[in-house]
Amino acid sequence: MAVELKDFEIEFIKFKDGIHTLSFQLCSDFFQLFEKSSLDSGNLNATVIFEKKTQLLDFDMKVMGNVGLFCDRCLTKNNYPIEGKLNLHVKITENIGEEEEDLTYILPSEHSFNIAGYLYEIINLAIPMRKTCEDIGEKCDESVLEKLNKIAVDKEGDENKEQNPEWDKLKDILNNLK
Ligand SMILES: [Zn+2]
């Protein structure tokens with residue numbers, strides 16, 4: 001059964017004050033919950049420890065596992081291990097303030113809080129800027145690299161061809177000036 005957004009709705013009203021631990025399995029269908037997600041595959045564990053206090057929820061979220069990402073060099077899709085966390089404070093108050101990276105507000109009339117977006121954000125922030133097959137001990141797809149090199153060389157060749165007549169003309173002009 002595919003996951004739904006409501007699976008990540010924490011009905012804190014049902015929990016006693018104190019510390020609680022929840023865990024979630026995030027698979028490929030998790031990413032389908034988000035429009036325009038650049039990620040579409042993965043297998044991760046999320047551990048969410050939250051402390052319920054009077055008018056405050058303190059979340060300690062940790063996500064660990066792997067996601068499918070394309071190699072920067074040969075575009076092969078690999079599974080890369082990632083790890084991320086977020087400490088989030090949720091204030092329960094009528095005075096809704098400005099949201100910050102680690103602080104948000106909900107009204108006292110609310111009884112639950114959805115963490116799906118936060119887990120998604122943790123994963124996105126944990127993605128390495130540069131990733132190649134070598135990072136996970138694999139070799140890049142040589143046939144793709146060859147094709148990419150050929151395209152680059154052909155392009156260079158074309159540019160030279162285009163430039164040459166212009167250069168010749170310019171050289172003629174310069175020669176005539178002398
Ligand atoms: Zn590669």
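## Overall architecture

The model is predicted. The protein has three helices and seven strands. From the N terminus, the order is β-β-α-β-β-β-β-β-α-α.

Of its 178 residues, 14% count as buried. Take the contacts between residues at least 6 apart in sequence: 62% of them join residues at least 24 apart.

## Nonpolar core

The largest nonpolar core holds 22 residues. Ala46, Met61, Val63, Ile115, Leu119 and Ile123 touch the most other members. Four elements each supply at least two residues of this core: strand 3 (42–53), strand 4 (56–70), strand 5 (77–92) and helix 2 (116–126). Strand 4 gives the largest share, five residues. In soluble globular proteins, nonpolar side chains tend to be buried together.

Valine 63 shows the packing in detail. Residues up to four places away in sequence aside, valine 63 touches Leu44, Ala46, Gly84, Leu119, Ile122 and Ile123.

## Aspartate 29

Aspartate 29 sits in helix 1, which spans residues 28–31. Is aspartate 29 buried or partly exposed? Aspartate 29 counts as partly exposed, because it has 13 C-beta neighbours inside 10 Å, and the partly exposed class lies between 12 or fewer for exposed and 20 or more for buried.

Beyond its neighbours within four places in sequence, aspartate 29 is in contact with Ala2 and Val3. Aspartate 40 lies 11 residues from aspartate 29 in sequence. The C-alpha to C-alpha separation of this pair is 7.6 Å.

Note on methods:
Residues numbered from 1 in each chain as written. Predicted model: local features only at pLDDT ≥ 70, side-chain atom pairs only at ≥ 80, totals over all residues. Contact = placed C-beta atoms within 7 Å. Core = buried A, V, L, I, M, F, W, Y, C linked by C-beta atoms within 7 Å.
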